[in-house]
Amino acid sequence: MKKHEKRRRRKTLTRIFYKMVAITLGAALASIGLEIFLIPNNIIDGGIVGISIMASYLSGVPIAAFLICLNLPFLYWGYLQIGKTFALSTLYGVFCLSVGVSVLHPLPEVTDDYILAALFGGVILGAGVGLIIRNGGSLDGTEIIAIILDRRTSFTVGEIVMFFNLFILSSAGVVFGWDNAMYSLIAYFVAYKAIDVTIDGLNETKGVLILSDYYEDISEAIHDRLGREFTIFESIDDKNRAFVIFAVVTRLEIAKLREIVSGFDRNALIAITAVEIEGKRFRKQAIH
């Protein structure tokens, strides 16, 4: 029993160590995107980071101070409403980001071209934020508000975050000028897409449900032409008996899958949804 507990504790400590390393790396990338590309060109990100950039510009106080002070109330709220692990991971991420921007602040900017700064800064910042989110943390108190309000209102997390960020990015027009606000919008959009790619990967998986009378032919073609696993479910009610194929494919294979299904049954029902895959069974082998 003691050996089992030691092994479990060792695994837990190893998992925490790798999570901290990933969050540290994510914060380092975010710091590079901010201090080397965005901040020197007066281009901001959304959320608390964007507010901190504007507050630092107007007051002359280092941005690190605003990142910590503005996030603390939301971190406490997140600790109470979401959980200790999320709050501590976020606190560590914010601390690393604050250290990172302080260390990198004296370095010169890489480019004074606003488009290049928005594109490269957005990609690097988004990759860093995505890495932190993927490991259970965050860098932005507005996301904590969004998660909590999502439970209490009819608005989604994405809608709430978008509302906050539209207000923040509009404020950048007043502080830095409307040209910079538009460049900030470009950087925000690029960072948003980079976050998605970092979290989901380039080969984002999709779950596909196919309802067709030609289920046998379609399932065999999925195996032979895509090499993907599939499962067949039988659906029975009082009047009808039907079979549903479930398969997991990458988003790059969706078009080919549609072509396969339509080749056998143009009236087939296809439902596609994003899925998160755990384990190592997503390989090219059929399951009947």
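Me: A crossing is left-handed if the near helix is turned anticlockwise from the far one by less than a right angle, and right-handed if clockwise. What is the handedness of the crossing of α9 and α10?

Reply: The crossing of α9 and α10 is right-handed. This is a predicted model: local features need pLDDT of at least 70, side-chain atom pairs count only at pLDDT 80 or more, and totals for chains, interfaces and linings use all residues. Residues are numbered from 1 along each chain as its sequence is written, and side-chain values use heavy atoms, without hydrogens and water.

Me: What angle and axis distance describe the packing of α9 and α10?

Reply: Helix α9 (residues 215-226) and helix α10 (residues 254-264) pack at about 145 degrees, axes 10 Å apart. Axes are lines fitted to C-alpha atoms over the stretch in contact, and angles run from 0 to 180 degrees between N-to-C directions.

Me: Which residues of α9 and α10 meet?

Reply: D217, I218, A221, I222, R225 and L226 in α9 meet K256, L257, E259, I260, V261 and F264 in α10. Contact means heavy atoms within 4.5 Å. The residues of this contact divide into 8 nonpolar, no polar and 4 charged.

Me: Why is T231 called partly exposed?

Reply: Its relative accessible area is 29%. Buried means under 20%, exposed over 50%, partly exposed in between (1.4 Å probe, protein chains only). So T231 is partly exposed. T231 sits in strand β2 (residues 230-236).

How values were computed. Helix = DSSP H or I, 4+ residues; strand = E, 2+ residues; numbered from the N terminus. Nonpolar A, V, L, I, M, F, W, Y, C, P; charged D, E, K, R; others polar.
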